[in-house]
Amino acid sequence: MIGQLPDFPWDSLAEDKALASAHPDGIVDLSVGTPVDPIAPVVRAALSGPAADDPGYPTTHGPESLRAAVAGSLRRRFGVTVDPVAVLPTIGSKELVAWLPTLLGVGAGDTVVIPELAYPTYEVGVRIAGATPVRSDGLTALGPARVRLVWVNSPSNPTGRVLPPEHLRKVVAWARERGAVVASDECYLSLSGDDGAPSAASVLHPDVCGGSHEGLLAVHSMSKSSGLAGYRAGFVTGDPGLVAGLLEVRKHAGMIVPRPVQAAMEAAASDDAHVAAQAAVYAARRARLRVALEKAGLRVDHSGAGLYLWATAGQPSRTTVREFAGHGVLVAPGEFYGPAGVQHVRVALTATDERIDAAASRLAP
């Protein structure tokens, strides 16, 4: 299996990172979406509270209070109603993305559809399961393939593209006709609607799913909305039957979120103020960086939501990466996300305001 997996893409940036790090004022690393802002006090307090002195094993499903808090946050923030029993905490979202095809019983002879431009772990998860990944944004062109799972991602990583509800409705209808599961990566859902872009819709919203969550899963991370990347805090929800199946397998496999992290997740789900504040910080950084990129002669495509700017100088992405590194700014080449990205770079908003301003100044013509 190891030989079938691609090399970890960020390892290939070692020379560019060294070049950027040699800048007299230090590197501005915009290559990975790693949060840098302080974690909300209410969340830190929960992490170090009574749950930190609980010596017993946590439950895979988490306490009812956590699941109720998550369900409440989905209702308030996104207009989505789920039964708390259909909420399942995960160890961040990446592990679920990587293992979901396997957990669903997808395997050899099965096809999994991933977006044309996609987070690399979608493909990795398909290959771990021994299935076949197909990159496609147009499902009607797939022909007779035995599709078991369809991934959608809105707002998108890497592009920031927001899929309108009518597009998501078509994906849901297509998948249901074929008995396929739709997994919606909604890690950036709280970071939409800024910069004049339309708000992204959850696949579980009634306008998309028609009021039924049958065959649907929504994957969420608190890394972006609450800055909890270091906590490894995420969850999946949707079709109660599918979630129950995932829960059973995860019980046997020991895929359990630590109890203090469960408490922190509950606090984060219960407090909307810090989520709105974080979204505003990223929106302001997006605006400053977008102006700088455009002044430097790049075109920014989509990128009205999410955590990244998707930009092109009309040349191979590795050339742009090296040019940026020469200015002390590290970005990710678009080829990491699929063949369609060979002339784009992904620029993350996850740097302090001081470093964002440094990048904008360095890129000025």
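View 1. The centres of domain 1 and domain 2, taken over C-alpha atoms, are separated by 26 Å, the domain bounds coming from an automatic or database domain assignment. This is a predicted model, in which local features need pLDDT of at least 70 and side-chain atom pairs count only at pLDDT 80 or more, while totals for chains, interfaces and linings use all residues. Residues are numbered from 1 along each chain as its sequence is written, and side-chain values use heavy atoms, with hydrogens and water left out. Domain 1 is assigned residues 9–38 + 274–363, and domain 2 is assigned residues 42–271. Contact (heavy atoms within 4.5 Å) involves 27 residues of domain 1 and 31 residues of domain 2. The area buried between the domains is about 2300 Å², with 63% given by carbon and sulfur atoms; buried area here is the accessible area (1.4 Å probe) that two parts lose on being put together, summed over both. On the side of domain 1, His274, Val275 and Tyr337 lose the most area to domain 2, together 26% of what that side buries.

**View 2. Polar contacts and composition at the domain interface.** Across the interface of domain 1 and domain 2 there are zero salt bridges, a salt bridge being a side-chain nitrogen of Lys or Arg within 4 Å of a carboxyl oxygen of Asp or Glu. The same interface holds eight residue pairs in polar contact, with both residues at pLDDT 80 or more. A polar contact is a pair of N or O atoms within 3.5 Å; within protein, one must be able to donate a hydrogen and the other to accept it, and residues adjacent in sequence count only if both atoms are side-chain atoms. On the side of domain 1 that touches domain 2, the elements that give two or more residues are α11 (273–295) and β10 (308–312), where helices (H or I, at least four residues) and strands (E, at least two) are DSSP runs numbered from the N terminus. Helix α11 gives the most to this side, with eight residues. The residues of this side divide into 14 nonpolar, nine polar and four charged; Ala, Val, Leu, Ile, Met, Phe, Trp, Tyr, Cys and Pro count as nonpolar, Asp, Glu, Lys and Arg as charged, and the others, Gly among them, as polar.

**View 3. Gln278 in helix α11.** Gln278 is found in helix α11 and, at 10% relative accessibility, counts as buried; buried means under 20% relative accessible area, exposed over 50%, and partly exposed in between (1.4 Å probe, protein chains only). With neighbours within four places in sequence left aside, Gln278 is in contact with Asp37, Lys224 and Ser225.

View 4. The side chains of Asp37 and Arg285 meet in a salt bridge at 2.8 Å, N to O, linking the loop between β1 and α2 (41–47), where Asp37 lies, to Arg285 in helix α11, 248 residues apart. Both Asp37 and Arg285 are buried. A salt bridge of 2.9 Å, N to O, also joins the side chains of Asp357 and Arg288; Asp357 lies in helix α13 and Arg288 in helix α11, so this pair ties together parts that are 69 residues apart in sequence. Asp357 is partly exposed at 39% relative accessible area, and Arg288 is partly exposed at 30%. Asp37, Arg285, Arg288, Asp353 and Asp357 are linked in a network of salt bridges.

**View 5. The salt bridge between Arg362 and Asp25.** The side chains of Arg362 and Asp25 meet at 3.3 Å, N to O, in a salt bridge. Arg362 lies in helix α13 (residues 353–363) and Asp25 in the loop between α1 (14–21) and β1 (28–29), so the pair ties together parts that are 337 residues apart in sequence. Arg362 is buried, with a relative accessible area of 12%, whereas Asp25 is partly exposed, with 44%.

**View 6. The surroundings of Met265.** Met265, in helix α10 (residues 259–270), is buried, with a relative accessible area of 0%. Apart from neighbours within four places in sequence, Met265 is in contact with Leu66, Pro89, Met222, Ala233, Gly234 and Val257.
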